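Have a look at the structure first, then read on.

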Amino acid sequence: MELSKLIRKNIASLAPYSCARNEFEGEARVFLDANENPYNEPFNRYPDPLQRDLKRRIAEIKGVRPGQIFLGNGSDESIDLAFRAFCEPRVDNVVAIAPTYGMYQVCADINDVEYRKVLLDENYSFRAESLLAACDEHTKLIFVCSPNNPTGNAMPFEEIVKLLEQFEGLVVVDEAYIDFSSQPSLLTRLEDYPNLLVFQTFSKAWGSAGLRLGLAFASEEIIAIYNKIKYPYNINVLTQQQMLDHLQTPSQVRAWVAILLEERARLAAGLRQLKVVQHIYPSDANFLLVRVDDPVGLYHRLVGEGIIVRNRHSVRLCEGCLRITVGTPRENDILLETLKRWEK
C-alpha cells in the first residue's frame, strides 16, 4: 500500500491549523498565547489538542504506541475523518458489509462518496472474495464491523486477514464490541498490516457513552493524517480528565464485562422460553438480535411499558427482529417479566 496514492490531493497539500499548544510541550508558568481568560481555572484553558497524557495511559492498556492512537469525539468522528482524508467526493467509493452500523453510510452520503453494500450470508458472515469483487480502482476503504451491529456476531478473523493482504486500500475494522467477544482484537496486527485502521470506543464496556470518546488505531503515518485534519481541540478538558481517572480502574471494567456476559446468557435463556420469540442469534456483543412474532407491534407495546429496545425489522436480513441490549439483572428481569405477563 502506498499511502500517498490513497490520501486526497488537497489533504496531502493542506497546511493544518496550528495552535500554540501544538507547538509547546512541557511545563509552563505563564500562558499568554491563546487569548484565554486567566480566571476560572481549570476550565479557562484550552485542552491539550493531542491528549498526550491520556494517550500514554491508553497505550499502556492497549499495548500500542501513543503515536498509533487517535482520539475522537465518539467513533463517529473517526469514521467521518476516514472519508474526508481518503475519499474524493463523486470519484471514490467505499465497500461495506450489510447490514452493519448505519453511520458508515451516513458519513459516505455527507461526504458525497459512493457506498457499496455487500450482503452477509444466511449466517451473517462473509467471504473476503465477495467484498473484493465489489471493489474497483476507486475503492479507498472497506468497512468491517466485528462484532457486527446489529447482528451481534464476530466476523471471521481469517477473512479479515485476507482483505488486509489483498486489498490495496484501507481496511477499517470497527471493534466497538470487542471486549465482549472471545475473538482477539486486530490491534495485535497493526505492525503486520500498514493498511489496517481499527476503531474502538469507551462507550460500551467502559460504560462511558456520555463522555463521547472514540479511539482509532493505525500506523503513525495514518494517525498523523487524522491529526492534520481534525478540529484543533476536539476532546474537552472534562472528558480527558474523567477518562484518565476511569483508566486507573480497569479491573472494574473487567468485572462489568463478566456480569454482562453472564446476563447475556441468562437473558437469552429466558427469551427462548417465550412463545413470541422465534430465534435468538449468537452474540459476541452486549446485545441480542431476536426474531419475534409481530416485531413492530411488540416494539410499541414495550414502549408503552417504558421499555425501550431497538426495532430492526426494516433492516435488510433483519426482518422480524428486535435488538435488545443486555442491561442490569433488574432491567433484564423487568423485560422478561413483562413479556411473560403478556403471554398469560
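Just after helix α12, G306 adopts a positive phi of about 75°. This is a predicted model, in which local features need pLDDT of at least 70, side-chain atom pairs count only at pLDDT 80 or more, and totals for chains, interfaces and linings use all residues. Residues are numbered from 1 along each chain as its sequence is written, and side-chain values use heavy atoms, with hydrogens and water left out. Helices (H or I, at least four residues) and strands (E, at least two) are DSSP runs, numbered from the N terminus.

**Helix α12**

- Spanning residues 295-304, α12 has P295, L298 and L302 as its buried residues (buried is under 20% relative accessible area, exposed over 50%, partly exposed in between, with a 1.4 Å probe and protein chains only).
- Seen down the axis of α12, these buried residues fall within an arc of 65°, so they line one face of the helix; the arc is taken from the directions from the helix axis to the C-beta atoms.
- The face turned away from that buried side carries the exposed residues H300 and G304.
- The buried residues of α12 pack against β9 (287-292), β10 (310-311), β11 (321-325) and α13 (329-343), where contact means heavy atoms within 4.5 Å.

**Strand β7**

- Five of the five residues of β7 (residues 213-217) are buried, so the strand is largely enclosed by the rest of the structure.
- L213, L215 and F217 cover one side of β7, with G214 and A216 on the other.

**Partners of β7**

- Strand β1 (residues 69-73) runs antiparallel to β7, joined by five bridges; two strands pair if DSSP finds at least two bridges between them.
- N73 stands opposite L213 in β7.
- Strand β6 (residues 196-201) also pairs with β7 in the antiparallel sense, over four bridges, and F199 stands opposite A216.
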